[in-house]
Amino acid sequence: MLDLKWVRENPAAVRDAAERKRISVDVDAFLGIDEKLREVQQVVESMRAELKVASKKIGKLSPEEREAALGEQKQMKAVLKEREAEESALRAEHQALALLLPMPPSSEVPDGKDDTDNVELRRVGEVPDFGFEPRSHIELGEMHGVLDIPRGVKIAGSRNYLLLGQLARLEQVVLQYAMDHMIERGFEPVSVPTLVSYACMEGTGYFPGGEEQAYMAERDQLALVGTSEVPLTSIHSGEVLDAEALPIRRVAMSPCYRREAGTYGKDTKGLYRVHQFWKVEQVVIGPADEAWSTEEHQRMLAHATDLMDALELPYRVVNVCTGDLGQGQVQKFDIETWMPSRGNYGETHSASRFYDFQSRRLQLRYRPENGAKPVHCHTLNNTVIASPRVLIALLENHQQEDGRVRVPEVLQARFGAEYLGES
RNA sequence: GGAGAGGUGGCCGAGUGGCCGAAGGCGCACGCUUGGAAAGCGUGUGUGGCGCAAGUCACCGAGGGUUCGAAUCCCUCCCUCUCCGCCA
């Protein structure tokens, strides 16, 4: 959500943000309703003030005077009710439109229509030159009997899978390593709910708009999260934090669920696009300071790239263009990791900064100093590792001619072997 | 799941129809006092909307309702606690 005062004063900036982000939203409709709402609100308030004064007098009136006064009050009350109905209808419309207003992108964000216009910032690591015909992660997984997609589909439908034996082990080891990597960097590990209230989904910006992407437990009015960003960022919603508590840096490992509606036919093979996966996610809640946020964004990006370096995976960092940015994001960097079977880099991480967009929706604030007014926090998040997507990269990049897969050195002790596919 | 008890300001706690945005206490801030501190004394101390402002409206878990008037009465829901049941 944007600062609505700011929106009133800078409607052109909001229109521009919508245009650059390729989001269609009627700013003028919002402004019209906003003005009407404030008008009606003034009327309703002054009527209420009158009624309030009058009803205080009534208690002290003689019985005869009272009768006349009561009649008047009832009449006025009827008019007020009509106005109140008008007000609440306007308020609902107002709120619905306000939730759609886009956060203006940073000036560093390249203009563009979709992900094809994203700008590569740097490439790191060597793309492997195998000198033999490399196998896909599916071939490798099946070859070692550690991946079973058909039975995953039998159990739960398309885009489901089973990891077995060493591959299940490798997944746990990578996730654990990622958690430790972040804990060493001062992040507090958290175990979060993944079935959350709609308020959390709305607060973090996924609703309205993302309902089709989420699995819902409608009977209980809960949604299954697509990322632990949702619960992590919502932890202090509705609270006023002490300035000394900031920044709050947290990391969670959780299952993630995505319906992948509208992706029929896209990435249908293998482990790239699945309905359920694990993710280690970093979330930071900080002070309302754009320079600080921008720096922290880079630090969070580095936490993830450092991990990719440790896993000896080739990747590139991409500055996501305006058309590929979400409604609330100010700027986003994706890390795309080399996947030989795709012959390309595939998205494995996404680092976003929101300034106060999520905080306003969540009513997440802090008090800059004693006695000062509460201010909305800034929030950021980034992937640390997501599996099974990272397994594609690990299997395919580190494969040997005989089909064995070398486990990165940093994982070998936990994994208990140097190679996957070797008994 | 069953039975019961509750949800009031940063915290504790009073308040069963108007004098209540809310007593009192604690805490906190500022001032006085002091060589300094403690104690003591005094003053102040919620959030949000609208408004240039004066101000005004809303908020006593949430949402409805009754009433001229609701923290107080009624309904629905949420949450917490106790006991029982069930269970990983």
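Q: Which element gives the largest share of the surface near RNA strand B?
A: That is α3, with 11 residues. Near here means a C-beta atom, placed from the backbone, within 6 Å of the strand. Helices (H or I, at least four residues) and strands (E, at least two) are DSSP runs, numbered from the N terminus.

Q: What kind of model and numbering is this?
A: This is a predicted model: local features need pLDDT of at least 70, side-chain atom pairs count only at pLDDT 80 or more, and totals for chains, interfaces and linings use all residues. Residues are numbered from 1 along each chain as its sequence is written, while chains are lettered from A and ligands numbered from 1 in the order in which they are written.

Q: Back to the RNA. How many residues surround RNA strand B, and which are closest?
A: There are 21, the closest being Ala49, Ser55, Ile58, Gly59 and Gln73. Elements that give two or more residues to this surface are α1 (4-9), α3 (27-58) and α4 (63-98).

Q: What about that surface by class?
A: Six residues are nonpolar, six polar and nine charged. Ala, Val, Leu, Ile, Met, Phe, Trp, Tyr, Cys and Pro count as nonpolar, Asp, Glu, Lys and Arg as charged, and the others, Gly among them, as polar.

Q: New topic. Where is Cys377?
A: Cys377 is in the loop between β15 (375-376) and β16 (378-387).

Q: Buried or exposed?
A: Cys377 is buried, because it has 30 C-beta neighbours inside 10 Å. The cut-offs are 20 or more other C-beta atoms within 10 Å for buried, 12 or fewer for exposed, and partly exposed in between, with C-beta atoms placed from the backbone.

Q: Which residues does Cys377 contact?
A: Leaving aside neighbours within four places in sequence, its contacts include Leu246, Ile285, Pro287, Asp356 and Tyr366. Contact means C-beta atoms, placed from the backbone, within 7 Å.

Q: Now strands. What does β1 pair with?
A: β1 (residues 119-124) runs antiparallel to β11 (residues 315-319), joined by five bridges. Two strands pair if DSSP finds at least two bridges between them. Glu120 is opposite Val318 in β11.

Q: And which strand pairs with β11 over five bridges in the antiparallel sense?
A: β12 (residues 331-339) does. There, Asn319 has Phe333 as its bridge partner.

Q: What is the strand order in the open sheet of three?
A: The order is β5-β7-β6, with antiparallel pairing. β5 (195-197) and β6 (215-217) are the edge strands, each pairing on one side only.

Q: Which residue is opposite Ser197?
A: Leu222 in β7. β5 and β7 (residues 222-224) pair over three bridges.

Key. Contact = placed C-beta atoms within 7 Å.
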